[in-house]
Amino acid sequence: FRLRMAEEHIVSLVDVLEEDEELEEEASAVLAGSDSDHCSYPQGYVKRQALYACSTCTPKGGEPAGVCLACSYKCHEGHDLFELYTKRNFRCDCGNRKFVELQCKLSPKDEVNSLNKYSQNFFGLYCTCGRPYPDPDDQVEDEMIQCVVCEDWLHGRHLGCAVPDCVELQEMICESCMNKNSFLWTYAAHLVTCGLRNCNDYYNELIICQGDDVIQPNSKRSREEAEPSCRLKELRAIGQKRVQSGAMFWPSAWRSKLCSCDGCQRLSAAGLSFLLDESDTVLAYENKGKNSEETRRGHDPLMSVLDNLNRVQQLEIIHGYNDMKSELKDFLQNFAAEGKVVTPDDIRQFFEQQQSRKRRRVDGGRLYCA
C-alpha cells in the first residue's frame, strides 16, 4: 500500500520504514560504539568515542573540556551541549578541575587530562572560517567533512579542492595538516587518486599508481610481506610530483601503504602514528557501532509481519505511524531549539503520553488495531 504525500509524491510504507531504519543506523554508527550508561574515564584515553562539549559548564573564554556520551546524559542534562561527533585518544573531563561547580555523577575525578587535545570545536566553532554549525547566518547548503589528522570539520567549499561524489568512501586531510606534515605530499603524489567523478568510478576504475608498481585498492598485501626498505625514500626517488595545494582525499586502504619500517620515524615524530592503525578510522568505529547495535536489537519484527497484515490493519498502522512521526518531530525540535540533550526519560515520557492519548481515543469509540 502507498501513502500519497502532496499531489505527486507517493511513498510506500516500506519506504518510510527503510528511511527510518537508515536514520537509526546513522545514529547507531556514532553512538552505539560508545557506552551510554557508564563514564568512559576509567578506560583511560579511549581510542575513539563520541564526545560533547558543555558551553553551560565551560563557556567560551574558559578552558576547553570534553565529556563522554554517558556524562552528557547523566551529568549535563538540560545544558547547552556541542556535539563533537567522535575524537581519538580522549579521556572524559566531566567533573575535573576544569568544572568549577559540577561533580561527575558517574566517575568522580579531579586531575586534568594532560594528553587530551582540544580545538575550536570544543567551543562550537568549525572550519577555517571559525563559524558554528549549523550557522544561522550561512544560507549556503554545504556539507561538513572531518579531517582525519586535526579532526576539525570543514565546509566543502573551504577545502581548496573539488569534493568527490563518493566522499564517504575516502578519508580527507586538510591543506593545513598537509603543510604541517609536508612528507604527506610525497605519499599524495603516488596514492591520492584523481579524475574520479562518482562512486562507480571509485569501485570500478580506482588504481593506486606507485611508479611502475600498480596496486589494486583491495590489495591485502600485509606489511610483513612488504620490502624492508623505507617506502617513503623509494617514493621520493621516483620523483613523482603533484600540486601541493588544497585538501587531499585518500582512497580505501591508503594507510596500509604508509612506511612502517624500523628506521622511519617521521610518523611517530609528527604524532601521526595513528595513521598506521587502520582500526583508528571513523569507518571502523562506525562499523563496530552498527554491529553492536544489530546484535543488541536482533531482527526487526515489524518488517517481517508487514506482509501478513490485511488492508485495514496496514492503513491503521500508516495513519498511526505518521501521527507519531509528526508529533515526535515536533517534540524533538523543541530540544534542538533550546540546545538540550534528549534523555531516555524524555523519550519514555513522550511514548507514555502517546499511550495515554491512544487510550482516550479508544474509550471514545475509535478503533485501533493492536
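Me: Contact means heavy atoms within 4.5 Å; which residues does Cys-92 touch, not counting residues up to four places away in sequence?

Reply: This is a predicted model, where local features need pLDDT of at least 70, side-chain atom pairs count only at pLDDT 80 or more, and totals for chains, interfaces and linings use all residues. Residues are numbered from 1 along each chain as its sequence is written, and side-chain values use heavy atoms, leaving out hydrogens and water. With that settled, Cys-92 touches Cys-39, Ser-40, Tyr-41, Gly-66, Val-67, Cys-68, Cys-71, Lys-109 and Asn-113.

Me: Is Cys-92 buried or exposed?

Reply: Cys-92 is found in the loop between strand E5 (81-90) and strand E6 (144-146), strands being DSSP runs of at least two residues (E) and helices of at least four (H or I), numbered from the N terminus. Its relative accessibility is 0%.

Me: How far apart in space are Cys-92 and Tyr-52, C-alpha to C-alpha?

Reply: In sequence, Cys-92 and Tyr-52 are 40 residues apart. In space, C-alpha to C-alpha, the separation is 9.6 Å.

Me: Which residues touch the most other members of the largest nonpolar core?

Reply: A nonpolar core joins buried Ala, Val, Leu, Ile, Met, Phe, Trp, Tyr and Cys residues through side-chain atoms within 4.5 Å. Of the 45 residues in the largest one, those touching the most other members are Met-172, Ile-173, Tyr-187 and Trp-250.

Terms used. Buried < 20%, exposed > 50% of the residue type's maximum accessible area, 1.4 Å probe, protein only. Contact = heavy atoms within 4.5 Å.
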